[in-house]
Amino acid sequence: MSLLTHLLACLFGMGSWVSINGLWVELPLIVPQIPEAWYLPSYLSVIIQMANIGPLFVTLMHRFRPGTLNERAVIYVIIGLGTVATFLLGFFWKETVVVAGVARSVPLLVLTFFLAAVDCTSSVTFLPFMMRLKSQYLTTYYIGEGVSGLLPSLVALIQGAGVVHCINSTQSVNYTLNIPNGSVTSDLQAQYQPANFSTEVFFFFLSAMMLVCLGAFLLLNYHPSVAREQPNSRYTNGVKQKTKNRELVEQKPMMDPYRPENQKPRSSFGTGSYSWMEVFYIFGILAWVNALSNTVLPSVQSYSCMPYGNNAYHLSASLAALSNPLACFIAMFLPIRSLLFMGALTVIGTGVGVYIMIMAVLSPCPLLVNDTSGGVIIVLAWVLFILTLSYVKVIIGVILRDEGHSALVWCGAVVQLGSLLGAVTMFPLVSVYDYFSSGDPCNTKCS
């Protein structure tokens, strides 16, 4: 296998979600300077789900007009759009427009919609494009997708985004009972520390990462050593040409190495390796793990971690982001395709997720809140949660890659569907009904 192709596949995958991931980790520096303040995350959740119109369009075109949509052209467009949008954010993220007499961050919200459309659409275009390469490179692509969350987090840590210091403040309190001069009480106030470099520089960095993704995509298309890694070249826009009547048909692998040679197809899905019950089982798990790991648990991460301290929160965010590419790296050398094992890992990850959710519900006074072990456990819980479910996602991607181009398109669609259902479920609980309480990072007292 070509080391260059592995590197390019990783850099290509890195561009899939780097913009939106970067925007989320930069929120502590953005919200104090815009009129929406901490309502912004709620708006972002809605905007990101609205952007699913992109993958919906691509999936419908693939279903009803296969071969009409030029896959490469779509990828060029969305990477270029992501590059321009992140670059413009560096100039306009603080700008406001008066709407109905109220100042609103219209440029930020509009550009975020374009970024979300780019990242959501990448789920149904980047993955199918990887059909052009050998199956080993799909795992490398998933490593890059994991890095798209890790890299912005590390840069934000270097930047100092979200670092809170508790400082003393004094308040004069007047009493009427024999204390003529009043009394002075001491209190703590949370104060965000100034960043080591500006938000504008951070957005320019994200734009540069999108340019790197674009360069990697160009080389994946035109570099000679990459062309040698393609299993065959008889495809156009994800479909294969018949030599006799030149009708466009869905590309599928010529042989499934994981099915006995003379075994009859068990369904009309892909190569027929799996029955329809197993296909629904695979896609059900895929939707479930993406709902949990992309929207449900991340929406309460601050509630589950902040009661244990700012360090626990940042460690959980950084190590969880590191767990994603680590799981992909493990899957590269240990790709266990057992559906039973996949289900067992999903149950383990879900169980850990339940513990995290319980701690979020109990915020600001979760279990072991005043004990060091509580912070250690919540950090390890986040690492195990992301590690197990990321491994499941990679294995499902590898399985569906062997089932053909269409299977990967539906893989991306189900990923977005699961994320959408998770967001729709959590948005009212977090933002409308205020079911979760974060408490004050400096003054919350738990007995």
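A contact is a pair of residues with heavy atoms within 4.5 Å. Among contacts in the protein between residues at least 6 apart in sequence, 80% join residues at least 24 apart. The model is predicted, so local features need pLDDT of at least 70 and side-chain atom pairs count only at pLDDT 80 or more, while totals for chains, interfaces and linings use all residues. Residues are numbered from 1 along each chain as its sequence is written, and side-chain values use heavy atoms, leaving out hydrogens and water.

The protein holds 17 helices and 7 strands. These are DSSP runs numbered from the N terminus (helices: H or I, at least four residues; strands: E, at least two). Of the 447 residues, 50% are buried. Buried means under 20% relative accessible area, exposed means over 50%, and partly exposed lies in between (1.4 Å probe, protein chains only). The accessible surface of the protein is about 21,200 Å², and carbon and sulfur atoms account for 66% of that surface. Accessible areas come from the Shrake-Rupley method with a 1.4 Å probe.

Helix 15 covers residues 339-362. Its 24 residues should span 34 Å at 1.5 Å a residue. The expected span is 1.5 Å times one less than the number of residues. The end C-alpha atoms are 35 Å apart, which agrees. At the start of helix 15, a side-chain oxygen of Ser338 comes within 3.3 Å of the backbone nitrogen of Leu340.

Aromatic pairs were searched for across the whole structure, and 20 were found. Rings of Phe, Tyr and Trp (its six-membered ring) pair if their centres lie within 6.5 Å; planes under 30 degrees apart are stacked, those over 60 are edge-to-face, and the rest are tilted. Tyr76 and Phe217 form an edge-to-face pair, 4.7 Å centre to centre, with 70° between the planes. Tyr76 lies in helix 6 (residues 71-92) and Phe217 in helix 10 (residues 199-222), so the pair ties together parts 141 residues apart in sequence. Tyr76 is partly exposed, at 26% relative accessible area. Phe217 is buried, at 0%.

Phe341 and Tyr391 also form an edge-to-face pair, 6.3 Å centre to centre, with 90° between the planes. Phe341 belongs to helix 15 and Tyr391 to helix 16 (residues 372-401), so this pair ties together parts 50 residues apart in sequence. Phe341 is partly exposed, with a relative accessible area of 31%. Tyr391 is buried, with a value of 7%.

One aromatic cluster is formed by Phe12, Tyr76, Phe126, Phe129, Tyr141, Tyr142 and Phe217.

Key
Polar contact = N/O pair within 3.5 Å; in protein donor to acceptor, adjacent residues only side chain to side chain.
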